[in-house]
Amino acid sequence: MSLTLEHYLLLSAALFTIGAVGLVTRRNVIVLFMCVEIMLNAANLALIAFSRFHLVADGQMFAFTVMAVAAAEAGIGLAIMVNIFRHKKSLLVDDLNVFKN
Amino acid sequence: MNTVATGLLAPLLLLPLAGAALNGAVGRFLPKPLSAAIGLVPIAVSFVLALVAALQLHGLGGAEAYGAAALTQDLGEWLNVGPLVANWALHFDAVTAVMALVITGVGFLIHLYSVGYMHDDEGFAKYFAYLNLFVAAMLSLVLADNLILLFLGWEGVGLVSWLLIGFWYKDAEKVDAANKAFIANRVGDLALMLGVFLLFGLAGTVHVGELREWVSHLSPAQITAGGTLLTTSTMLLFIGCTGKSAQIPLYVWLPDAMAGPTPVSALIHAATMVTAGIYLMVRLNFLFVLTPVTLAVVAVIGLATAIMAGTIGLMQNDIKKVLAYSTISQLGFMFLAVGVAAPAAAMFHLVTHAFFKALLFLGSGSVIHALSGEQDIRRMGGLGKVLPSTSKTFLIGCLAIAGFPLTAGFFSKDEILWSIMNNQQVLGGPALSSVLFPLALFAAFLTALYMFRLYFVVFAGEQRLTDEAKSHLHESPAVMTGPLWVLAILSLVAGFAGLPHFTGLPNLFHHFIAPVIAPTEALVRSVYSHDSGAIWGCVGAGTVAGLSGMGLAFVLWGRGGERPARLAASWPRLHALVLNKYYIDELYEFTFGKALRIKSRVYDLFVDNLVIDTVAVGGAGWLSTFSGQLIGRLQNGNLQRYLTIAFIGLAIVLFLIARGGVTP
Amino acid sequence: MTVEQVLFYLFAVGAIAGCSGVVLSRNPINSAVSLVAAFFFLAGNYVLLHANFMAIVQILVYAGAIMVLFLFVLMLLNQRDEELGPRKVSIAPLLGMFAAAVVSVSIGAGFMSYRNATANFPTDVPLSFGTAEQIGRSLMTTHLLPFELVSLLLLIGIVSAVVVAKRRL
């Protein structure tokens with residue numbers, strides 16, 4: 001039995017789930033960010049697998065765009081985190097509840 | 001359909017947009033002359049482009065009917081969802097040409113005037129950015145080749161109108177006026193949207209040209225079968241037009257919209273934006289002509305608006321409010337023309353009205369400017385000597401709107417009056433037109449009366465100025481009086497573009513826009529009359545109505561005195577009714593404002609006190625505490641818990657999809 | 001098993017292990033390093049999918065630039081162990097894990113119901129597929145607008161990162 005689209009899609013789903021689990025269980029904001037990156041990469045893998053399957057390069061375009069967005073997001077997000085840490089001296093989500101109530 | 005692709009249209013539309021972007025982004029860092037230039041130059045170039053396009057269009061058609069010529073430019077795909085196709089596509093036919101020339105031409109004059117009027121304002125660059133944005137939005141409204149793009153422009157002008165009415169946003173009253181205008185327009189826009197949806201449902205297209213094709217292929221049987229739906233859709237479109245064009249019942253926003261700077265009132269709330277409704281109905285005249293019921297409603301509403309606004313305008317003491325009601329009244333005339341299947345007359349009156357109403361507004365702005373912001377005509381008077389240019393041009397504007405022989409308003413208004421009589425077959429026989437005609441004459445009489453009341457009270461008699469206004473009374477600078485004179489000349493001569501048929505001379509205007517209104521013309525032609533006796537009769541009656549209005553105004557206000565007050569005292573109740581604008585604002589306040597408060601009170605007494613306080617809190621207090629705690633655990637401000645819940649929801653949805661074996 | 005299959009399973013297991021490492025490590029620096037490893041394995045998978053250009057970009061941009069930025073911030077902030085928070089287990093994460101498992105299974109089931117998901121990949125891959133040339137052409141022609149928008153987005157990202165991180169405005 002050779003490799004099929006299904007193999008890649010299942011791998012993608014598995015990675016997505018690992019990212020999602022991390023997102024709801026971890027409390028360090030930077031780790032949450034990494035989990036988001038995992039989920040984005042899972043989506044990228046699916047896009048590239050579909051691109052290979054249909055032999056259309058458009059899927060890779062999407063993945064390319066996702067990477068650019070991730071880069072921008074990481075840049076801004078980390079800047080915000082530096083700022084938060086400066087003010088709150090903590091990066092745990094439990095402590096970041098200024099909007100609560 | 002003879003259409004020619006061109007590259008002219010996109011720059012025509014995009015130049016004002018670029019001006020707006022430039023002034024909006026960096027205008028406040030630039031010196032005022034430079035930002036004024038950024039505002040003015042794109043409009044001037046657009047005007048030239050519109051002129052070139054109009055000449056090109058003129059060259060397309062043969063000597064006779066101009067074919068159904070149009071210039072088009074497709075800028076690419078916008079929406080393509082199943083059967084719904086709407087492109088960034090522009091369409092320039094005769095009616096568009098007229099509108100585009102008015103928008104850019106009058107727009108340029110008003111921009112020029114604004115340079116003087118807004119000179120001391122700190123939001124100078126912002127003002128020009130908004131004004132250019134308005135021109136761009138209005139152009140996209142008239143140039144759109146499909147109803148979706150038209151709707152984009154429609155909303156765009158509404159947005160800019162809101163921005164400009166609330167231009168001096170530090171004044172809460174002006175912000176309220178802006179919001180009122182925006183909300184009243186939203187009501188209309190909802191109807192317009194529903195109308196467009198319904199049309200799409202019926203015809204399967206939103207492209208104006210294809211709609212026209214579709215209509216032309218309908219058999220009489222199909223029209224009868226789809227009659228109710230067609231009527232519904234045109235009625236919805238008409239309601240949308242009443243919002244934008246300030247007709248009963250949605251006219252209430254326009255008088256308040258005078259809170260904006262006066263040139264804005266001239267451009268947006270007199271010359272262009274408020275005529276969008278008429279433009280839309282003329283553009284879609286091939287639909288309206290199929291639905292006589294809607295046409296009759298349009299005529300009646302238009303005339304009712306004209307008379308009602310005319311009487312209210314007679315009682316107002318704020319110079320801009322008088323002009324605002326006058327605008328509503330004249331728009332009513334245009335609706336009346338559309339309703340009696342005379343779109344050419346409506347367009348013609350639209351154009352002449354754009355000239356003389358812009359002139360009157362700019363003239364009133366010049367007066368307000370001279371009196372340092374005074375708007376109450378009771379504290380004016382005798383300004384004719386101190387403001388020579390303003391008073392002369394204002395007089396010309398008044399003559400034109402009152403329909404003094406050979407001025408612009410004379411030709412356009414009489415064409416509407418004549419159409420009422422001539423097209424009586426369209427209105428289902430002479431019954432309706434024999435009611436409409438005398439009432440339209442009365443409206444024309446009212447127009448002359450309130451305009452000359454305004455003129456006499458402001459410019460004749462003795463000065464009643466406050467000391468503050470007297471101290472720096474001055475005629476406006478040339479940059480303001482220049483546009484006044486240009487508009488005054490246009491108000492005098494524009495009428496000759498549309499000479500009535502019986503003169504034997506060509507009606508150039510009518511000839512120019514004929515292809516666009518051909519469907520209506522075809523219907524009217526069956527009952528066309530060239531009976532010059534009847535036409536002379538209409539013209540004579542219209543002229544007599546206008547002149548008698550002027551005469552009565554002179555008798556009442558021309559020499560000062562107590563007469564108006566005594567007249568008012570002899571009919572106190574009628575006077576109070578009209579003075580309070582027929583209590584329409586109060587009615588709205590009562591139905592939508594007070595009714596809400598009464599309802600709230602009822603809820604307070606029964607639901608709140610009885611049910612909540614007694615039953616719920618007393619009897620089921622423990623339940624709310626318990627459930628509150630339960631829900632509170634979810635709503636604890638913890639992002640991750642929210643996320644968990646979202647994932648559970650996602651899991652359920654995905655599980656259902658996967659189990660159903662739905663193929664993505 | 002063919003070489004391709006061996007490589008796929010190697011990369012897949014590596015990627016899953018790396019990602020699990022991100023979630024399971026207590027120290028964020030360990031998380032970051034395992035994420036870098038996961039990205040390398042994913043890049044390997046991209047090569048198997050003939051997406052050579054994307055594989056290189058994955059390593060250069062993701063593993064190279066973005067993750068270095070992460071590590072840089074982590075080291076800059078240099079959180080001590082007690083700042084990493086108490087070790088506590090509550091009901092919500094367990095619930096979340098359960099939901100995530102359902103999501104995973106459902107996504108998998110959804111994917112499998114996709115038509116031909118079990119069919120083999122087409123074998124006649126053109127030589128140009130996934131090369132920098134093809135991607136470049138595509139970016140400059142069909143996808144020009146998204147490409148320009150992305151560049152705009154990155155510019156905004158740069159500017160706002162500077163504005164946000166600046167101590168005083």
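Predicted model: local features only at pLDDT ≥ 70, side-chain atom pairs only at ≥ 80, totals over all residues.
Reader: What makes a residue of chain C part of its contact with chain A, and how many residues take part?

Author: Two residues are in contact if their C-beta atoms, placed from the backbone, lie within 7 Å. The contact takes 70 residues from chain C and 63 residues from chain A. Helices H1 (3-24), H2 (28-48), H3 (52-77), H4 (91-112), H5 (132-140) and H6 (144-165) of chain C each give two or more residues to the side that touches chain A.

Reader: Which kinds of residue make up the side of chain C that touches chain A?

Author: That side divides into 49 nonpolar, 19 polar and two charged residues. Gly counts as polar here, so any Gly on that side falls within the polar group.

Reader: What makes a residue of chain A count as buried, and what percentage do so?

Author: A residue is buried if 20 or more other C-beta atoms lie within 10 Å of its own. Of the 101 residues of chain A, 57% count as buried.

Reader: Why is chain A described by helices and zero strands?

Author: Helices are DSSP runs of at least four residues and strands are runs of at least two, so the description follows from the runs found. Chain A has three helices and zero strands, and its elements therefore read α-α-α from the N terminus on.

Key: Residues numbered from 1 in each chain as written. Chains lettered and ligands numbered in written order. Buried ≥ 20, exposed ≤ 12 C-beta atoms within 10 Å, placed from the backbone.
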